[in-house]
Amino acid sequence: MSRTLVIWLPPVAALREENAPYPAWLRIDDGVIVDSGQDDGWVGAWETPQDEDADGRLVALAPAADVPLRWLHYPDAAPAQAAAAARIDALKDSLGDAASLHVVTGQPAGEGQAVPVAVTTHAAMAAWADWLKARDLAPVAIIPATAAVPPPEPDTLWTAEIGGEQVIRSADRAYLSDPELDPLIAGNHAVVPLDSDRMREALLLTLAAPPLDLLSGGWKPKRSWSVDAAMLRTAKLLLVALIAISVLVPVIYAIRLAADTGRADEAVVAMAKKAGVAAPDPAAAEAELDRRLAAAGGGPLAFSVPASALYDAMGDAPGVSLKTLSHRTDGTLSTTLAAPRVEDINQVLLALQARGYRITAQPMAGSDGQQMANITIRAVP
C-alpha cells in the first residue's frame, strides 16, 4: 500500500508567533485522500503502525507567502539549457542579495516547454528545517504549494485555497493573493475560483510527480547509510556458518588422514607378516625387513642405490673420473674420484649431499697432477 502524509509548512512569519496555528495536513492512501485537517491529528496519522509492505513517505508543502512560483519560456533552448537560463534570470529579477536566495528550477519535459522557478531564502529554509527537526520529521521533498495549482484558461486567472492560503495563478505566475493588488495585476482578465475537485486532482498529480523540490543544492539531505536488521542477522548467521566450516574442514581432513594412515599401517604389518616378519607396528616391520635385505645384500642398502646416485652426480661434471669403487654390506659405498680441479670433485659431492646422502671426503694429490679424493657415501640418507 502506498501511503503519503502531506504537511503545509507554516509561513516564516507565523513561526515567530507564540501561538502559531497548527499546519494543514492530509493523508493519502493509494492515491485517495482519506483524512485531513488543521490540527495535531497528523501526528497520529503518521505514527500509526503501517503494514509491513506499506510504502510511506512524508511530503511538505512550502507556503505561497514565502515561495512564489514563476514559469519562464525559452522556445529554442534544450531542457537543461532552459533550466540554467531560468535560474540566472530569476536571480536577476529578484530583490536582495543573491547569496541569501535559494533558487530552484524544474526540468521541462521537452524543448520549448515552460520552466518552473521557485525563489525563497536560505533563512526560510533554515526555519522550516528547524521546525521539522523539532518534530522528528524528515520529508522526502519540499514542494512549493503554488506548484499544485493548474494553469488557468486563456484570459483568466485562477484563485484557489490551498493549505489555508488563497493563491492566485496566472499563465506564468503563482503567488499569495492580496485583495488590493489582485485587481491591478489581473487587469482586464477575470479572476475565477478554481473548482475544489479539480484542485484536489491537481494536488494529487503534483505529489505523484513533483515539478521541483526545494530540498536541492545545499539543502539536499545527506545520504545516511542504515543497516537492515534482517540483513544484519543473515550476515551474522553466514559468518557463524563460515567459521564452523573453516573449523570442520581441517578436523574432517585430520580424521580422514588418521584413518588412512591406520589402514596403511595395517597393510604394512600384514605384508610383513606374509614375508615371515612378525612385528607389532609398521616401523618395527620396516626395520626388520631392511635388516634382512641388508644381510642379503639388497634393499635400500644394496650397491645399486648409492652407485646410481654417484653416477647421476658425475653426469653433471664431465671432468671427474672414477678410480676405485667398493661396497660394504652396511650400505656404505667407497670410491676414489679424480679431476683436474678440486671444484669439479666438490660439484659431485654437493650433488650427492643435495640428494640427502651422508658424505665423507679425504682430498689428496695424484701422481699425474690431478686432484683426487677418497669418498664414502652412506647408502641410506
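Q: What does the secondary structure of the chain come to?

A: The model is predicted, and its chain holds 10 helices and 16 strands. Of the 381 residues, 35% count as buried. Among contacts between residues at least 6 apart in sequence, 60% join residues at least 24 apart.

Q: Which residues lie nearest the centre of the largest pocket, and how many residues line it?

A: The lining consists of 19 residues, and Trp8, Leu26, Glu161, Ile162 and Gly163 are those nearest the centre. At least two lining residues come from each of strand S2 (25–29), strand S3 (32–37), strand S9 (156–162) and helix H6 (196–208). The greatest contribution is that of H6, with four residues.

Q: How is the lining of the largest pocket divided by class?

A: It comprises 10 nonpolar, six polar and three charged residues.

Q: What volume does the second largest pocket have, and which residues lie nearest its centre?

A: Its volume is about 310 Å³. Of the 15 residues that line the second largest pocket, Ala129, Pro139, Leu215, Trp219 and Pro221 lie nearest its centre. Helix H4 (residues 122–134) supplies the largest share of this lining, five residues. By class, the second largest pocket is lined by 11 nonpolar, one polar and three charged residues.

Q: Turning to aromatic rings, how many aromatic pairs does the structure hold?

A: The structure holds zero aromatic pairs. A ring may also be examined for a charge over its face. Here, Arg169 lies over the face of Trp71, at 3.7 Å from the ring centre.

Q: Where is Thr159 found?

A: Thr159 belongs to strand S9, one of the elements that supply at least two residues to the lining of the largest pocket.

Q: Why does Thr159 count as buried?

A: A residue is called buried when its relative accessible area is under 20%. Thr159 counts as buried because its relative accessibility is 15%.

Q: Which residues is Thr159 in contact with, leaving aside its neighbours within four places in sequence?

A: With those neighbours set aside, Thr159 is in contact with Gln166, Val167 and Ile168, and also with Val191, Val192, Pro193 and Leu194.

Conventions. Residues numbered from 1 in each chain as written. Predicted model: local features only at pLDDT ≥ 70, side-chain atom pairs only at ≥ 80, totals over all residues. Heavy atoms only, no water. 1 Å grid on protein atoms, 1.4 Å probe; cavity = no way out; pocket = protein on both sides within 12 Å on 5 of 7 lines; lining within 4 Å. Nonpolar A, V, L, I, M, F, W, Y, C, P; charged D, E, K, R; others polar. Points joined across faces, edges and corners; volume = space filled by probe spheres on them. Phe/Tyr/Trp six-rings, centres within 6.5 Å; stacked < 30°, edge-to-face > 60°. Lys NZ or Arg CZ within 6 Å of the ring centre and 35° of its normal. Buried < 20%, exposed > 50% of the residue type's maximum accessible area, 1.4 Å probe, protein only. Contact = heavy atoms within 4.5 Å.
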